[in-house]
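I opened a new notebook page for this one.

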Number of protein chains: 4
Amino acid sequence: MNTFGRNFRVTTFGESHGAAIGVVIDGCPPGFAISENEIQYYLDKRKPGQSDFVTPRKEADAVQILSGVFQGYTLGTPICLLIQNTSMKSADYDELQEIFRPGHADRGYFEKYGIRDHRGGGRSSGRETAARVAAGAIARRYLEKEGIIISGSLTSVHGEEVPERMEQVIRDARDQGESVGGVVSLVVSGCPPGLGDPVFGKLDALIAYAMMGIGGVKAVEIGSGVMAASMTGSEHNDQITSEGYLSNNAGGILGGISSGQDILVRLSIKPTPSIRTLQQTVDTNGMERKISVKGRHDPCIAVRIVPVAEAMMALVLMDALLEQRKIIPDCRQEP
Amino acid sequence: MNTFGRNFRVTTFGESHGAAIGVVIDGCPPGFAISENEIQYYLDKRKPGQSDFVTPRKEADAVQILSGVFQGYTLGTPICLLIQNTSMKSADYDELQEIFRPGHADRGYFEKYGIRDHRGGGRSSGRETAARVAAGAIARRYLEKEGIIISGSLTSVHGEEVPERMEQVIRDARDQGESVGGVVSLVVSGCPPGLGDPVFGKLDALIAYAMMGIGGVKAVEIGSGVMAASMTGSEHNDQITSEGYLSNNAGGILGGISSGQDILVRLSIKPTPSIRTLQQTVDTNGMERKISVKGRHDPCIAVRIVPVAEAMMALVLMDALLEQRKIIPDCRQEP
Amino acid sequence: MNTFGRNFRVTTFGESHGAAIGVVIDGCPPGFAISENEIQYYLDKRKPGQSDFVTPRKEADAVQILSGVFQGYTLGTPICLLIQNTSMKSADYDELQEIFRPGHADRGYFEKYGIRDHRGGGRSSGRETAARVAAGAIARRYLEKEGIIISGSLTSVHGEEVPERMEQVIRDARDQGESVGGVVSLVVSGCPPGLGDPVFGKLDALIAYAMMGIGGVKAVEIGSGVMAASMTGSEHNDQITSEGYLSNNAGGILGGISSGQDILVRLSIKPTPSIRTLQQTVDTNGMERKISVKGRHDPCIAVRIVPVAEAMMALVLMDALLEQRKIIPDCRQEP
Amino acid sequence: MNTFGRNFRVTTFGESHGAAIGVVIDGCPPGFAISENEIQYYLDKRKPGQSDFVTPRKEADAVQILSGVFQGYTLGTPICLLIQNTSMKSADYDELQEIFRPGHADRGYFEKYGIRDHRGGGRSSGRETAARVAAGAIARRYLEKEGIIISGSLTSVHGEEVPERMEQVIRDARDQGESVGGVVSLVVSGCPPGLGDPVFGKLDALIAYAMMGIGGVKAVEIGSGVMAASMTGSEHNDQITSEGYLSNNAGGILGGISSGQDILVRLSIKPTPSIRTLQQTVDTNGMERKISVKGRHDPCIAVRIVPVAEAMMALVLMDALLEQRKIIPDCRQEP
């Protein structure tokens, strides 16, 4: 299952060290202006090698539009976006061919498929998220025209919430060959009321699905989140006046349907599993091994998840927006 | 979107105060023994009126198998389970026809559809979850034959984690016309490795979707959950020996694929929004109103979410199990 | 797979001699007036026992709306329609428990599922189509409001095309314990241009899928149909003037998209396989047997397929209409 | 909707004169050997310029595997196949920018999307079928390992059924700037019993959907096809002996489920709509125009539909085969 969405259907493909990664978007509305530059802008935000928080690897990540756009406008036909893989040091991964890295998908892939591309995580590599960011870029441009703005940020690292201390914690982790977890917060403003379906297609459920589908995310909270369990009804209910709601514990979604308030989401992200520290593991034959993961790795993957989470939010909202169009028209005023 | 699952497809229907609620299950394997009694067993666990923690309403919730089962065995054809609505005091809800209850889906439905069945929440009523529990009962029986056991419990209420104090907190809330939130924990034992798809159909993402699709759930955590954000890589990684894993921060799922360890999930649930305390709201004309929600309501919906969460977990695992069957065979050993 | 459609999703359930048959419709627009009487009108057209062309069995086929309609209007929630099975002479089928009727699905079900409800065809009975007709009734009422009229008729029986001779052929077949095939023609007027997707969701492909999904249909033709293979380009092309098209060989669909012309479809239907004539067959143990199928059977199932084909056409168009809504709006005028 | 299939999901993309066309296959079993050469073999059969029956255009159609295959074996991850567009004489189509060719999808696209890529038919070009053939090649290789062989042939042209006369008819049409229709027949041998779902996912319905989804197909017949309407029950029923069936009017499918007999399908295909003969039409402003379609066009598209129809059959069977795997196991023997 490599497709996301029912109306704005996004199918990603590609292994980390294969020929290319990419995405096909089916269901994009026609007549909408989009350019490679606009997509590249978001890809560059995800790109590694930009600061000392992130891995110094150089990935060109240059996106190419192969179909679905004609003279600068979408045709309503499938849009294929391709990113060639150029910076591939596959040899770095030779020793990983027969050993499972703790905290990684290596063993799961092997047990599920009986075969895997071990180079750089193959299909399970974070690199696959570049395809999501590319697709999300188109959704974001469309949503912005509708006044819907998505904004994500890193709000905590290893428990620290002050920016300069967060930076220091990451640098320390990098210097020690360690890694740290973090929290990413998302705010969506301008979302119209009415998005989301009330039973199984709840907007918050779709967001949870999208966010938990990003590698490393261990918790998804909407609005009050885990705090809700310690509150009373009179504290938690968002009272309503003619001016609007008096609070936003709902996080902008009630009964699975957007209320028009800001949508508030918080993701807890585990530390990067690739660390230099020596760890116990087993190989493909079940023999015990010790491993110290070398190579260039982000000490805090939460940093790079920010643009990915924004992109996934864009995909969820774009899909819900198209879904909602089916129930708007004519017959509505009848009763 | 009232259907859950791709292989074991569950479609629920029915409003709280309509003629009936029910569910159609498409894709259930043939030749599997199931009876109304076995389904009723799980429905009775969800039924209100069993203790003073839950609402004293009497709902018969008697399930009837209308199709798909012949001489006690599933046919492989759609199974329709029906529960007639009998205890309907619709008049209780007359005053709610034009007023939106804070913390409820009332306003969202009205804005989305332009029409709603206001009686008892209509389609958004917790009563809809009886249909999920009925479908989940069939999945659970099947999974048990495969050695997969799902177990849920209420592990915290308004911050209290000691059982007798949890009970007292709920009683106090009830006496004050208030309500409290809580935490539900799920453990799945016996789950084979290999379930779940690696990119968008990750097992943890599907679980998050299923759980956040239960009304009132504000956070879903897998394994280490929100704690993951405060950990280091060497603390979080589950090291592997030939005997198995040394810890279970992953919560039984790595890279979206089950590892064979216990699956650990935690849900934070908001307090019941129906409270006697006077609150501000607006009516369908946007005029400000005050509301005190009367009637028989659970002071802590988390109590009744336990069997619903178990049922949804069963639906996720059943679906993943059938999905996995497509990639097991022959060609696997070839390379 | 017992669900039809992507937007107006119709799931049927029920075996011929089980407790009930029925259908759940998910995705019906809200605020649309519908009554049991309107649905019953179409069911009565399908009902057997109306003339001497069709089986004298009495099936009450009384439809009940269980959900999704409130005070006469659709809610936008799932609509469950139920038809209790009342006229069940299961004993008639006892001898069929271990024998496969030629021309029927008996053997296929047994080989596929390893279990079957042998009574009256079970799930493969034509009775299942009553559920399709009920769902189609709602779609037809909606389409009529949009000016789209679906009309089907029996245009040939065993090669005869003159009505009174068609009747005579059917009577003769009945008297001889034989059966005959026939042709059903469908015309859709008022269909707007633009319905259907250009590649895999072509409107004609969806129609072919819907029609070939009716038991007994062996050929589906659109417009010129089989004649197209014997024509030249200048004969077949429908030339265009400012007044409209000069012919309709396309059958109202070009490149998979409706053109605004009448949609023309023709179905060739096999003779009823249940005949008194003695035939060779085998039983569940592979032993050779002779069979003469007794009981009350339509001598020409094409007669009763007319309302079913109309219903399926309604489901296809309803689904395409909702799909098309997603690409109509705002951004369209931009380029 | 540019995706075909539920289990072996094939999504095509690309316009005729864009940068590239291609396909992503999601759900291909892992550990299966496949090479670019094997795929190229089938693409070359579809390629134009091979004989004087088909257009002398030169299309390189060189396929490249971008993902999903590692060291010659499928990974179980999405397979992206890419074909660069090289022979693009877009200027040939300049005059078609504002004029609708009779018999083509031009007007439908314009009315549906409000924008189109007019060059060579854009997305509706027959060139899109190269992507289907590439995906079908992988399915065919897999099916062959299972003993399932698909074979298609051109069996009639403009009513002629003798090969050398068929050739002459095509040459004559080409010389006159005309075109002719034809019939393509498909035979599948080695198909196991049990494929296909009994209600909406009938195997014959899926085949009809797949075949009618090929541009130019106006009729799909299974087994006896249109002849069924003129037959009696005793003529049409395929009687069964312990040796097998005595006839094959069913065309290998009964009640929507494969019987194990050869699957027989016949397609009637319209004449190529691009002809030199002067025809009436209108332009994008609704003004009347005359058109004579120049350029290199196949005088009989049925010729080139043979490999496309084979490919689509392979996709249907591959999907049904994977679907069937879900219901095979353990519980089956229980009752």
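**Entry 1: chains C and D.** I laid chain C on chain D and got an RMSD of 0.0 Å, with a turn of 180 degrees and a shift of 0.0 Å along the axis. (Copies are superposed by least squares on the C-alpha atoms of residues with pLDDT of at least 70 in both.) That is the relation of a two-fold axis. In chain C, the C-alpha nearest the axis belongs to C:Tyr209, 2.3 Å from it. Both copies use the same surface, as 100% of the contact residues of chain C recur in chain D.

**Housekeeping.** I must remember that this is a predicted model, where local features need pLDDT of at least 70 and side-chain atom pairs count only at pLDDT 80 or more, while totals for chains, interfaces and linings use all residues. Residues are numbered from 1 along each chain as its sequence is written, and chains are lettered from A and ligands numbered from 1 in the order in which they are written.

**Entry 2: who touches whom.** I looked up the contact of C with D: 91 residues of chain C meet 91 residues of chain D. (Contact is when C-beta atoms, placed from the backbone, lie within 7 Å.) Helix α2 (residues 106–113) of chain C gives the largest share of the C side, six residues. (Helices are DSSP runs of H or I, at least four residues, and strands are runs of E, at least two, numbered from the N terminus.) By class, the C side splits into 37 nonpolar, 39 polar and 15 charged residues. (Ala, Val, Leu, Ile, Met, Phe, Trp, Tyr, Cys and Pro count as nonpolar, Asp, Glu, Lys and Arg as charged, and the others, Gly among them, as polar.)

**Entry 3: strands across the C–D contact.** Strand β10 (residues 217–222) of chain C and strand β10 (residues 217–222) of chain D run antiparallel, joined by three bridges. (Strands pair if DSSP finds at least two bridges between them.) I found C:Ala219 opposite D:Glu221.

**Entry 4: two helices in chain D.** I checked α3 (residues 129–145) against α7 (residues 301–325) in chain D: they pack at about 55 degrees, axes 8 Å apart. (Axes are lines fitted to C-alpha atoms, for helices over the stretch in contact, and angles run from 0 to 180 degrees between N-to-C directions.) So α3(D) and α7(D) are oblique to each other. (Under 35 degrees is roughly parallel, over 145 roughly antiparallel, 65 to 115 roughly perpendicular, and the rest oblique.) Their contact has 13 nonpolar, two polar and three charged residues.

Conventions
Contact = placed C-beta atoms within 7 Å.
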